[in-house]
Amino acid sequence: MSNNTAFEVYKAIATFSDCYKESRPMPEGDPSGIIVHSTAANNPNLKRYVFAPEMAGENIYKNYFGGPNSDDVTPHGVIGKDKDGVVRAVQILPYNICCWGCGRGVKGSYNYSPAYIQFEMAEDGLTDENYFEQAFDVAAQYCASLMRAFPAIKLENVISHKEAGVRGYASGHGDPENWLSKFGKDMDWFRGKVSGYLESSDDPDTSDTPVKFYRVQVGAFTVRENAEKFLEKLKDAGFNGYIV
């Protein structure tokens, strides 16, 4: 798989959440890794977890992450089904602030220091293999896109909540291994998928020397349609890009 593949992340920043209002900066400046969570609830619908009624549908209970009827958990992103049943990724916090995701372990918390980007995957009843494959494929693409944006993140630091707990920097949960194990998979399998999306057949890196990456932003738009039109112009001109 090529690392030039465009990947779309829908943005619905939870500006109403206490976590966003605190906006505690990551002490390292950029994230040190990524934690993959799953929700431990039989509800794959994004509207349960994010406030984005035009895309996800309306949640009359307002118990989405950071909402008035929710607990304090507020990750950076969520993966689940939109109102049309399409599995997609949604960003709900800026990536340069600390989220409230993994709790605390005996050594500290990956919420804060070192700080990790964290996202939740909306579980279903854990019997639908098609949804499992779609959700983890979107999650792998999401991780790859984040690693391209933050090149200091190493593949070994793309971990589960369970692995973060074993390291001593999160509470003792078992996700998403509880879901992976239902289909004979594990986090090594998932990291392999992430690695596949990072690979480039055009420019393989066979060197032991760390590679430095530079990001270039070529536009910022308040209307998504304008962003999509500009991205098409870039592609027509021979450039690759993606919308964040």
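Tyrosine 10 touches Ala52, Glu54, Met55, Arg88, Ala89, Val90 and Gln91 when residues up to four places away in sequence are not counted, contact meaning heavy atoms within 4.5 Å. The structure is a predicted model, in which local features need pLDDT of at least 70 and side-chain atom pairs count only at pLDDT 80 or more, whereas totals for chains, interfaces and linings use all residues. Residues are numbered from 1 along each chain as its sequence is written, and side-chain values use heavy atoms, with hydrogens and water left out.

Tyrosine 10 lies in strand E1 (residues 9-11), where helices (H or I, at least four residues) and strands (E, at least two) are DSSP runs numbered from the N terminus. Tyrosine 10 counts as buried because its relative accessibility is 15%, the term buried meaning under 20% relative accessible area with a 1.4 Å probe and protein chains only. The side chain of tyrosine 10 also makes a polar contact with that of glutamate 54 at 2.4 Å; such a contact is a pair of N or O atoms within 3.5 Å, of which, within protein, one must be able to donate a hydrogen and the other to accept it, and residues adjacent in sequence count only if both atoms are side-chain atoms.

Serine 17, in the loop between E1 and helix H1 (18-22), is likewise classed as buried because its relative accessibility is 0%. Its side chain reaches the backbone oxygen of alanine 14 at 2.8 Å, and, leaving aside neighbours within four places in sequence, serine 17 is in contact with Gly66, Thr74 and Leu93.

Definitions and conventions: Buried means under 20% relative accessible area, exposed over 50%, partly exposed in between (1.4 Å probe, protein chains only).
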